[in-house]
Amino acid sequence: MRILNIFKHKAITMINLKDTIVAISTAQGAGAIAVIRLTGPDSITICDKVFQSIRHGKKLIDQAAHTVHFGSLMDGDKELDEVLVSIFKAPHSFTGEDTVEVSCHGAPFIQQKVLELFIQNGAQLAAPGEFTQRAFLNGKMDLSQAEAVADLIASKSEAARRVALQQMKGGFSNELVHLRERLLNFISLVELELDFSEEDVEFADRAQLIALVDEVEQLLTKLINSFSLGNAIKNGIPVAIVGHTNAGKSTLLNTILQEDRAIVSDIHGTTRDAIEDTLNIKGITFRFIDTAGIRKTTDAIENIGINRTYSKMGSASIVILMLDINDPDPKIHEAITEVKGKMNPDQKLVVAINKIDLIDSGETNARFTPEKFPELSDNDAIVPLSAKKQTGVDNLLNELIDTVNLQAVDNDEVIVTNARHYEALQRSHESIRRVLEGLHSGLSGDFVAQDIREVLYFLGQITGGEIQTDEVLGNIFKNFCIGK
């Protein structure tokens, strides 16, 4: 991959839309076919230089948009490969520019030679995300939609795919555009009042403005609160499995994953470090973390593992506390109280009472009812199960699913998944709160207008309307794959 290695650090901060760029758009490695994409003012002309149609004399530049043509790529007199060439003409393409997609055979050697051939004939190697950045710069999508393209490519679950697709189609953008339009209308009236300050006239009805600001504040709060769900859907929901040694934590992990991922032994302290793996349940990705058993020990290595258990527990959204049904009730209550004391209110605790296969079911049902565990909150749950016999494990998984607002996903509600958007929304919310306070306190119109401008500015950062520097755009697009 000589050409790729030479250009892989190309900066994306200095995009020149007069350049024509090229990249391999399919995944690396061998395959049946590969797609090499060109976009820019000379993309069709460059392809014409090396394309030889099966129809003698046929030129791509003369062909209609959205057509596909069969022929060969020629490196001088040497035929490189038989290909299909798809033509898209500005502005009706992904980037809004003339675009060519060449489908060749998928051998890595052929892909590389085709790439080199186009570069030799005037194209430049694309930087990561440069195709999508051009789509943004050419007005084909706003910045939040462009970022959703990367999220869609990286989606690892049905929920992540649906949320990314909804954002890519403009669901999030439409909410923000509607908000900004309404605020702009009012700020225009407020600023018009400033021009007639000596006449003491009021164009903007303060009662209507307060109602609008209240509505905006509530919507921003809803979007901000959706980030915890969106982040979990995007990155997976972390679930820490904690408990005493030999309570069955590793057995539970193996049962959930349906594979021998963790070592199971009767010897106490077998698990000394965190073991992680993921599982997709009903379209949601969960990241399960099996941790070292909690007990008092003089073993230095085991103590390191126990400290890591507490660390992993602190970063988890859900904590599964594995307890042995043979433990006396005071020990069980003590363990729950200890773990709850190390959790924050936003975390959910699921107490898994393991080894129910060793006890009469009637005794189990009598001992482990929610009302007998006042240390648990309404958000917590207690689930008797047998990890070894795989009894009750489905009930445990259902408890995990219940923590996710699947209805919001099913209803295609706007869910914030991007940390940059989350930060901008928080700043917008701070500004809108100042607007509301200013209106209630009778603050001068020019100060209210300034706070509204701040709201508009931070909302504009999400869609890209207020981002003007190449450095910021480069930072956003740098993690995109080359070819997209």
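Q: Where does L84 lie, and why does L84 count as partly exposed?
A: In this predicted model, L84 lies in strand β5, which covers residues 78-88. Its relative accessibility is 39%, and because partly exposed stands between buried, under 20%, and exposed, over 50%, L84 counts as partly exposed.

Q: What makes the surface patch of I54, V68, F70 and L84 nonpolar?
A: The patch of about 380 Å² is made by I54, V68, F70 and L84, and Ile, Val, Phe and Leu are among the residues whose side chains are joined into nonpolar patches when they lie within 5 Å.

Q: Why is the peptide bond from A90 to P91 called cis, and where is P91?
A: The bond from A90 to P91 has omega near 0° and is cis, and P91 lies in the loop between β5 and β6, the latter being residues 99-106.

Q: Why is Q390 called partly exposed?
A: The relative accessible area of Q390 is 48%, a value between the limits of 20% and 50%, and therefore Q390 is partly exposed. Q390 belongs to the loop between β13 (381-384) and α13 (393-402), and it has a positive phi of about 60° although it is not a glycine.

Q: What makes the contact of R161 and E158 a salt bridge?
A: The N to O distance between these side chains is 2.6 Å, and because a side-chain nitrogen of Arg within 4 Å of a carboxyl oxygen of Glu is what the term requires, the pair qualifies. Side chains of opposite charge can pair when their charged atoms come close. R161 and E158 are 3 residues apart in helix α6 (residues 158-168), so about one helical turn separates them. R161, at 32% relative accessible area, is partly exposed, and E158, at 39%, counts as partly exposed too.

Q: How do you know that D329 and R367 meet in a salt bridge, and which parts of the chain does the pair link?
A: Their N to O distance is 2.7 Å, which lies within the 4 Å limit. The pair links distant parts of the chain, with D329 in helix α11 (residues 329-341) and R367 in helix α12 (residues 361-367), 38 residues apart. D329 has a relative accessible area of 35% and is partly exposed, whereas R367, at 18%, is under the 20% limit and therefore buried.

Q: What does the salt bridge of R434 and E454 tie together?
A: The closest N and O atoms of R434 and E454 are 2.5 Å apart. Because R434 lies in helix α15 (residues 419-440) and E454 in helix α16 (residues 445-463), the pair ties together parts that are 20 residues apart in sequence. R434 is partly exposed, with 34% relative accessible area, and E454, at 26%, counts as partly exposed as well.

Q: What joins E97, E130 and R134 into one network?
A: They are joined by salt bridges that share partners, and the search of the whole structure finds 16 salt bridges.

Q: What lines the largest pocket, and how do its residues divide?
A: The largest pocket holds about 610 Å³ of space. Of its 24 lining residues, the closest to its centre are S228, L229, A232, S317 and D346. The lining divides into 8 nonpolar, 12 polar and 4 charged residues. At least two residues each come from α8 (206-235), β8 (237-243) and α10 (300-315), and α8 gives the most, with 6 residues.

Definitions and conventions
Residues numbered from 1 in each chain as written. Predicted model: local features only at pLDDT ≥ 70, side-chain atom pairs only at ≥ 80, totals over all residues. Heavy atoms only, no water. 1 Å grid on protein atoms, 1.4 Å probe; cavity = no way out; pocket = protein on both sides within 12 Å on 5 of 7 lines; lining within 4 Å. Points joined across faces, edges and corners; volume = space filled by probe spheres on them. Helix = DSSP H or I, 4+ residues; strand = E, 2+ residues; numbered from the N terminus. Nonpolar A, V, L, I, M, F, W, Y, C, P; charged D, E, K, R; others polar. Patch = residues over 30% accessible without salt bridge, like charges linked within 9 Å, V, L, I, M, F, W, Y side chains within 5 Å. Areas by Shrake-Rupley, 256 points an atom, 1.4 Å probe, with all protein chains shown as cover. Buried < 20%, exposed > 50% of the residue type's maximum accessible area, 1.4 Å probe, protein only.
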